[in-house]
Number of protein chains: 2
Amino acid sequence: MSTDRAGGKPVQGEPVVDRAFALLHAFSDAEPVLSAADLSRASGVPLSTTYRLVARLVAWGALERRPDGRYTVGLGLLEIASLAPRGHGLREIAMPYLGDLADATRQHVLLAVREDDEAVLVERLSFRDAEPIHYRVGGRMPLHSTGVGLVLLAHADVETQERLLHRRLTRQPEGEPVDVTALRSTLAEVRRDGVAELHRGSPRPVLAVAGPVWDGRDRCTAALSVVVSDGSVSARHLVPAVRAACRAISRALGAPRAEGRPDTTTTDPVDST
Amino acid sequence: MSTDRAGGKPVQGEPVVDRAFALLHAFSDAEPVLSAADLSRASGVPLSTTYRLVARLVAWGALERRPDGRYTVGLGLLEIASLAPRGHGLREIAMPYLGDLADATRQHVLLAVREDDEAVLVERLSFRDAEPIHYRVGGRMPLHSTGVGLVLLAHADVETQERLLHRRLTRQPEGEPVDVTALRSTLAEVRRDGVAELHRGSPRPVLAVAGPVWDGRDRCTAALSVVVSDGSVSARHLVPAVRAACRAISRALGAPRAEGRPDTTTTDPVDST
């Protein structure tokens, strides 16, 4: 049982932690309020164990008990989550520049990072009169069919790119299959141009212009985008603002390439295949 | 089996969950990157157990392992935390109005909720050229010496108010004791006026103007404030904008009092004591 290993691969054998996180993951946008019975059912954790674990999670502020006896996710997690360098840490640095960009465009500004094969939205600024979009902070977005996703995928390691490109990718909600050859050349263009432009027809016609944020070790650590109603503004007008914001945030993160090297020097690991 | 922790949370029943959260709570603004040995030391969890728990937390995305073998808080927590109705849920509703307020004032806009005897910052919008302030999203602020804190305290239940007022309160960082009689009348004024105005001389002279956000059950669910350099703008000029934003967010939350009842009808549980 005591598998002592110096900081390596995940080991099996702490089912209580797994059960606690299974309970936390039972909550979703669609079901933000759950009873102990709901939690037990959704997570597969026996009801008596659920009660015990929920009591501990409430004590830590990870869950909150409502007056009706049901539970919601608690603020205690926000307090810890806000220390995640790729989440709120990045956000704190980027926020003033995102604010400038939102000010200039008065639409949506998104900031996302890659987590395995998806993008996670770490910030979203939306003007009240902007066309509604349905991405929420903390939520996941596909890499192959969003502006920020294309940027993150274009600058991901070759293994990640190939893993994704060998799947059967579709565009949601249309369900239309993605042409992998076309996607490869899109990714090459994104690397060459330093920005991604994505037009999507559904559920509403939108245009996303996205660019990369580089960190001090010259890695693409995040992507930001402006999302507008398609037809309202041309991409040509958004590109300079997106580029400038990307460069300013990269500079604040100590990125060598923000100090003069143009984005177009990015090496291109996929074009040659 | 007892987990002795300096943290003060009751420990009983599910020590593994408590230990996992003790590890997560070892991270702080000052120490966002920790080795397994650091984590063990800070949490009091034995090193062999720390390794096992850390592996599970990494597997769930609650921690991330850096190339140097040390750990940071992971994005997995942001994903769950973003479902907290009093955190990001409130934030999503409030964000457009906070954006308007930030636009109008071009300084700092804060949104906070009460968690026990402190305020927790759930959103902060800061203009790049605004005087720096040191509150971060997810971080805690005192109720008795911040604008949002005074509003949350003024509208808290009597038990919370009395518990806090019977403590020896000081203003930080000055360490100057708070006059409880003066604080009581300040709270009464906040309830009467519908806004709190707070001037603070240290570390920099700032003025905060704060107001309450009401929910559908007529409870003060959050407070928002504008924080500016003291002397730059008079409170008189900020009050209408703060009031309007509070009212708009309250209305979006379905608050009965945002539909016409003036804030001044608030009952006053403390004045009579």
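Predicted model: local features only at pLDDT ≥ 70, side-chain atom pairs only at ≥ 80, totals over all residues.
Contact here means heavy atoms within 4.5 Å.

## Helix 7 of chain A

Helix 7 of chain A covers residues 158–165, and its buried residues are A:Thr160, A:Gln161, A:Glu162, A:Leu164 and A:Leu165. What do these buried residues pack against? Their neighbours are strand 3 (108–115), helix 6 (147–154) and helix 8 (180–193), each of them in chain A.

Now zoom out to the whole chain. Chain A is built with nine helices and 10 strands. It has 273 residues, and 55% of them count as buried. If you take the contacts in chain A between residues at least 6 apart in sequence, 53% of them join residues at least 24 apart.

You'll find it in the loop between helix 2 (36–43) and helix 3 (47–59) of chain A. Is A:Gly44 buried or exposed? A:Gly44 has a relative accessible area of 61%, so it counts as exposed; the cut-off for exposed is over 50%. A:Ala26 is 18 residues away from A:Gly44 along the chain, and the C-alpha atoms of the two are separated by 9.9 Å.

Then there's A:Arg56, which sits in helix 3 of chain A. Its relative accessible area is 5%, so A:Arg56 is buried, given that buried means under 20%. The side chain of A:Arg56 has a partner in the other chain: a polar contact of 2.9 Å joins it to the side chain of B:Asp18.

## Where the chains meet

That partner brings us to the interface. The size of an interface is often given as the accessible area lost when the parts come together. Between chain B and chain A, the buried area is about 6,600 Å², and carbon and sulfur atoms give 63% of it. Chain B puts 72 residues into the contact, while chain A puts in 71 residues.

How many residue pairs are in polar contact between chain B and chain A, with both at pLDDT 80 or more? The count is 10 residue pairs. On the chain B side, the elements giving two or more residues include helix 1 (15–24), helix 3 (47–59), helix 5 (85–105) and strand 4 (118–126). Helix 5 of chain B gives the largest share of that side, at 11 residues. Sorted by class, the side of chain B that touches chain A has 37 nonpolar, 11 polar and 24 charged residues.

## Salt bridges

Side chains of opposite charge can pair when their charged atoms come close. Over all chains, a search of the whole structure turns up 34 salt bridges, and eight salt bridges run between chain B and chain A.

| Salt bridge | N to O distance |
|---|---|
| A:Glu123 and B:Arg91 | 2.5 Å |
| B:Glu123 and A:Arg91 | 2.5 Å |
| A:Arg66 and A:Asp68 | 2.8 Å |
| B:Asp157 and B:Arg114 | 3.3 Å |

A:Arg66 is partly exposed, with a relative accessible area of 26%, and A:Asp68 is partly exposed at 43%.

Why does the B:Asp157 and B:Arg114 pair tie together parts that are 43 residues apart in sequence? Because B:Asp157 lies in the loop between helix 6 (147–154) and helix 7 (158–165) of chain B, whereas B:Arg114 is in strand 3 of chain B. B:Asp157 is partly exposed at 34% relative accessible area, and B:Arg114 is partly exposed at 23%.

Finally, some salt bridges share partners: A:Arg91, A:Glu123, B:Arg91 and B:Glu123 are joined into one network this way.

Key
Residues numbered from 1 in each chain as written. Chains lettered and ligands numbered in written order. Heavy atoms only, no water. Buried area = accessible area lost by both parts, 1.4 Å probe. Salt bridge = Lys/Arg side-chain N within 4 Å of Asp/Glu carboxyl O. Polar contact = N/O pair within 3.5 Å; in protein donor to acceptor, adjacent residues only side chain to side chain. Helix = DSSP H or I, 4+ residues; strand = E, 2+ residues; numbered from the N terminus. Nonpolar A, V, L, I, M, F, W, Y, C, P; charged D, E, K, R; others polar. Buried < 20%, exposed > 50% of the residue type's maximum accessible area, 1.4 Å probe, protein only.
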